[in-house]
Amino acid sequence: MSATAPDRTPPSEAIAGLLAAIAIFVGALELVYRPFRLTPAALILALIATVMSREQPRTIPVAYAMIGICFVVGAALQVWTHHPLF
């Protein structure tokens, strides 16, 4: 009998998933608070997650999509309500 070790997620993959989740959260914050300030931070987090990860097939593209969509919608909302963009 041979016992095989269960498949475990490497620490770098776990950190990359966490960074992608934080990027999604920061991207969602663009809707309510100055999108031109938050977008670079969210993109840097997503890029770091991309470099670290090889096994995050859904989380990282969702982060990029969320950042882009929330940037456009957040900027439009800020202009529409006469709030500062940055």
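Predicted model: local features only at pLDDT ≥ 70, side-chain atom pairs only at ≥ 80, totals over all residues.
Residues are numbered from 1 along each chain as its sequence is written, and side-chain values use heavy atoms, with hydrogens and water left out.

**View A. Helix H1 against helix H2.** Here H1 (residues 11–29) packs with H2 (residues 35–52) at an angle of about 160°, the axes being 8 Å apart. Helices are DSSP runs of H or I, at least four residues, numbered from the N terminus. Axes are lines fitted to C-alpha atoms over the stretch in contact, and angles run from 0 to 180 degrees between N-to-C directions. H1 and H2 are therefore roughly antiparallel (over 145 degrees; under 35 is roughly parallel, 65 to 115 roughly perpendicular, and the rest oblique). H1 passes H2 in a left-handed crossing, meaning that the near helix is turned anticlockwise from the far one by less than a right angle. On the H1 side, look for residues including Ile15, Leu19, Ile22 and Val26; on the H2 side, Leu38, Leu45, Ile48 and Met52 are among them. Contact here means heavy atoms within 4.5 Å. The residues of this contact split into 15 nonpolar, 2 polar and 1 charged. For that count, Ala, Val, Leu, Ile, Met, Phe, Trp, Tyr, Cys and Pro are nonpolar, Asp, Glu, Lys and Arg are charged, and the others, Gly among them, are polar.

**View B. Helix H2 against helix H3.** Now H2 meets H3 (residues 59–80), with axes that come within 10 Å and cross at roughly 175°. That makes H2 roughly antiparallel to H3. From H2 the contact includes Pro35, Phe36, Thr39 and Leu43, and from H3 it includes Tyr64, Ile67 and Phe71. The tally for this contact is 12 nonpolar, 4 polar and no charged.

**View C. Helix H1 against helix H3.** The axes of H1 and H3 come within 8 Å and cross at roughly 15°. So H1 is roughly parallel to H3. This crossing of H1 past H3 is left-handed. Gly17, Ala20 and Ile24 are among the H1 residues involved, and they meet H3 residues including Ile60, Met66 and Cys70. Count up the contact and you get 10 nonpolar, 3 polar and no charged.

View D. Thr39 counts as buried, at 12% relative accessibility, while Pro40 counts as partly exposed, at 42%. The Thr39 side chain reaches the backbone oxygen of Pro35 at 2.7 Å. Leave aside neighbours within four places in sequence, and Thr39 is in contact with Glu30, Ile67 and Phe71. Pro40 sits 14 residues from Val26 in sequence and 10.0 Å from Val26 in space, C-alpha to C-alpha.

**View E. His82, back where we began.** His82 lies in the segment after H3. Its phi is near 65°, a positive value in a residue other than glycine. Most residues other than glycine have a negative phi.

How values were computed
Helix = DSSP H or I, 4+ residues; strand = E, 2+ residues; numbered from the N terminus. Buried < 20%, exposed > 50% of the residue type's maximum accessible area, 1.4 Å probe, protein only. Polar contact = N/O pair within 3.5 Å; in protein donor to acceptor, adjacent residues only side chain to side chain.
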